[in-house]
Amino acid sequence: MDLNFTPEETAFRQQIRDWVAANLPADISHKVHHALHLSRDDMQRWAKILGKQGWLGWGWPKEHGGPGWNAVQRHLFEEECALAGAPRVVPFGPIMVAPVIMAFGTPEQQRRFLPGIASGEVWWSQGYSEPGSGSDLASLKCRAERRGDYYIVNGQKTWTTLGQYGEWIFCLVRTSNEGKPQTGISFLLIDMKTPGVSVRPIIMLDGGQEVNEVWFDNVEVPADQLIGEENKGWTYAKYLLSHERTNIADVNRAKRELERLKRIAKAEGLWDDRRFRDQIALLEVDIVALEMMVLRVLSAETSGKQSLDVAGLLKIRGSEIQQRYSELMMLAAGPFALPFIREAMEAGWQGDHVGAAHCAPLASTYFNYRKTTIYGGSNEVQRNIVAQTVLGS
Amino acid sequence: MNFDFSDDQVALRDAVARWVERDFGFERRHALAKKGGATRDVFRELVDLGLAGLTVDPSHGGMGFGAVEAMVVMEELGRGLVNAPYAAACLVAPALLAGGDAAVTAPWLARIADGSALIVPALQEQGARYRHDAVATTAAQQAGGWALAGTKHLAPAGDEADAYIVPARMGPHAVAPIGLFIVERARCRVRAYPTADGARAASVTLAASPAQLVQSDALGAIERAADVGIAAACAEGVGAMDRLVAMTVEYMNTRKQFGVPIASFQALRHRMADVKMALELARSMSYYASLKLGEPAPQRRRALSQAKVQLGQSMRFVGQQCIQLHGGIGVTDECAASHYFKRLTMLEFAFGDTLHHVGEVSERMADTAGVFA
């Protein structure tokens, strides 16, 4: 047992830190450190910088053009990016669909799709949830019928994050109604410029357009955009979910945001208020404990000597912590969290702030973060999974 | 960075676990608690297992093992709910003596290592709560040594110990430096009583009691030893919670109501998921506590307080919920779960409760957070 990183790992961290310091645009990290609005361009600019370095697919093996890092190195990379104020990489391409294409796609599909994902050129979206299929995802109805060399897709997807920017979308579609719901699902890659695809924004409680409905009206999808076998899509989707288990805890970002919370508390004169400061102390303990749990998982993955049954816990805890820091930041602002001036949440706004500038986006973020315990499998569904593991029944 | 146990550590764990399995079943624990918690014979068996000198330096006949080995042993003693002042006598006491006057400490460390002496810390004063610098006991120099006056409470197994390690002010005024002393039990007035978890403690009154000076200006040494005690309490708590959760899982899968095992009810399943969360966060922070013991004092104290906050919260939650999940049987004396619950409750008090350590973390909060801060 050793808490410390090896000299090689420490040198690796330093190498990443130096590179990020030299390559992360200051205007982007400024926005991240102050929770200001990030544009499509901001997100894609950073993705392309990573792509040029070969690091947008930082979890990829060498054979597919990735750096071939182990679990600890991937963690260190994510931590250095997060602490430096890099935007979160939009995960749908490099983290979610790419591993599925690598594992189950044909060599032709790999040649066709992976380079655009690795470079950050192509924006991918996810088409999983439907209005009637949230936690019960396997009940999905969006239909794909085989006609010659095409699938004809009809139906609706929803909660498609940043789908307004999407160029391609990977979808779970129903290709059979035989047997169990899970056995009639296929995994389809769809060009969003295909006629019949339409994207409609859903305005969220914070006023932002982050998610969308995606409609498919007799959309013709070439059959060579099916991944793997027809009706095996559920297996691929589960493989996708099992990937990048520690990343979902987002503990690195939590560490960065805890520091922002401390800065806000100091600026608001709350640092010497014991009642408030103790709440920060409790959150700090929560974050250290989550980080230790993440490190245990990384260690187990790297050494292969232990099997840990804690992966399901990471999403629950990580999302609760995200909500907690956004809540405490808003509470720290007090009444000055109330003004909701959208322009004040943009970088470079020259108008008059009501209260300190750091107060402007806090309520918005708090509202927005209610999603964290709902998406990616609601925390209640996660508890079902944890309970199944613990109780064995 | 890795959290694998070495082969030697696994062997150590197995040896303790085997003894618990064979010789320290719940019936024995239950009977001991009913008798008022007498523990010296159990302690003797731990000595026979070779555990007495676990962390004592080899120059005194000990094994010189580190914090991880201590953690492994404490986890297993916790799992077995072993009623013996092992942490106090074999982990905290050597830590208190380390760095002291070798002429005084060497014979005692040798007797700790060979198991011939049971020497326990007697730290608690009335009104001090968890503050190490709140010491009213005084030490006065006299011909040939020192004499102590004051009362210390809750010395573990205090009526069975051979001697106590006692902090006292080295002068008549309230700001005099705090020294550490060894006092033999025979020179004190001892009042023993059972504690709420079925163990035994004593109040020790010192009145012109002759004492050997271990170390003057010992506050730093006391804080360090208290951190050793926190790490031990964390590990014991993890072992106890592990066993209590396993017991509760078994109960939920066998107890039937409405014609089905109660493990099938979602309200209870989610409660169990939350219990598992509390347990794994605690295990993570117990590792953290032991692995941070070797850090410089500021980092060490911050880390150990963080760990104790997590353990305090987890032990209370897991204890309470596992009783709840047992239903009526959980609140009976015959049910082992209730005894685990009581021990977990007592462990929250060991070397500072949750609220105390939240305050410590709050005081020590710096501009960076995280495991590597």
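## Where chains A and B meet

Welcome to a predicted model. Let us begin with the place where its chains touch: 42 residues of chain A are in contact with 36 residues of chain B. On the chain A side, four helices each supply at least two of the touching residues: H8 (251–267), H9 (274–303), H10 (311–333) and H12 (379–391). The largest share comes from H9(A), with 18 residues.

What kinds of residue make up the side of chain A that touches chain B? That side divides into 22 nonpolar, 14 charged and six polar residues.

Now turn to helix H4 of chain B, which covers residues 67–79. H4(B) has 13 residues and reaches 18 Å from its first C-alpha to its last, close to the 18 Å expected at 1.5 Å a residue.

Is H4(B) largely enclosed or exposed? Of its 13 residues, 13 are buried, so H4(B) is largely enclosed by the rest of the structure. Just after this helix you will find B:Leu81, which takes a positive phi of about 55°.

## The domains of chain B

The domain assignment of chain B gives domain 1 (7–113), domain 2 (119–217) and domain 3 (220–363).

Let us look at how domains 2 and 3 of chain B sit relative to each other. Their C-alpha centres lie 30 Å apart. Nine residues of domain 2 of chain B are in contact with ten residues of domain 3 of chain B. On the domain 2 side, the touching residues divide into four nonpolar, four polar and one charged.

Conventions: Residues are numbered from 1 along each chain as its sequence is written. Chains are lettered from A and ligands numbered from 1 in the order in which they are written. This is a predicted model: local features need pLDDT of at least 70, side-chain atom pairs count only at pLDDT 80 or more; totals for chains, interfaces and linings use all residues. Two residues are in contact if their C-beta atoms, placed from the backbone, lie within 7 Å. Ala, Val, Leu, Ile, Met, Phe, Trp, Tyr, Cys and Pro count as nonpolar, Asp, Glu, Lys and Arg as charged, and the others, Gly among them, as polar. The expected span of a helix is 1.5 Å times one less than its number of residues. A residue is buried if 20 or more other C-beta atoms lie within 10 Å of its own, exposed if 12 or fewer, and partly exposed in between; C-beta atoms are placed from the backbone. Domain bounds come from an automatic or database domain assignment.
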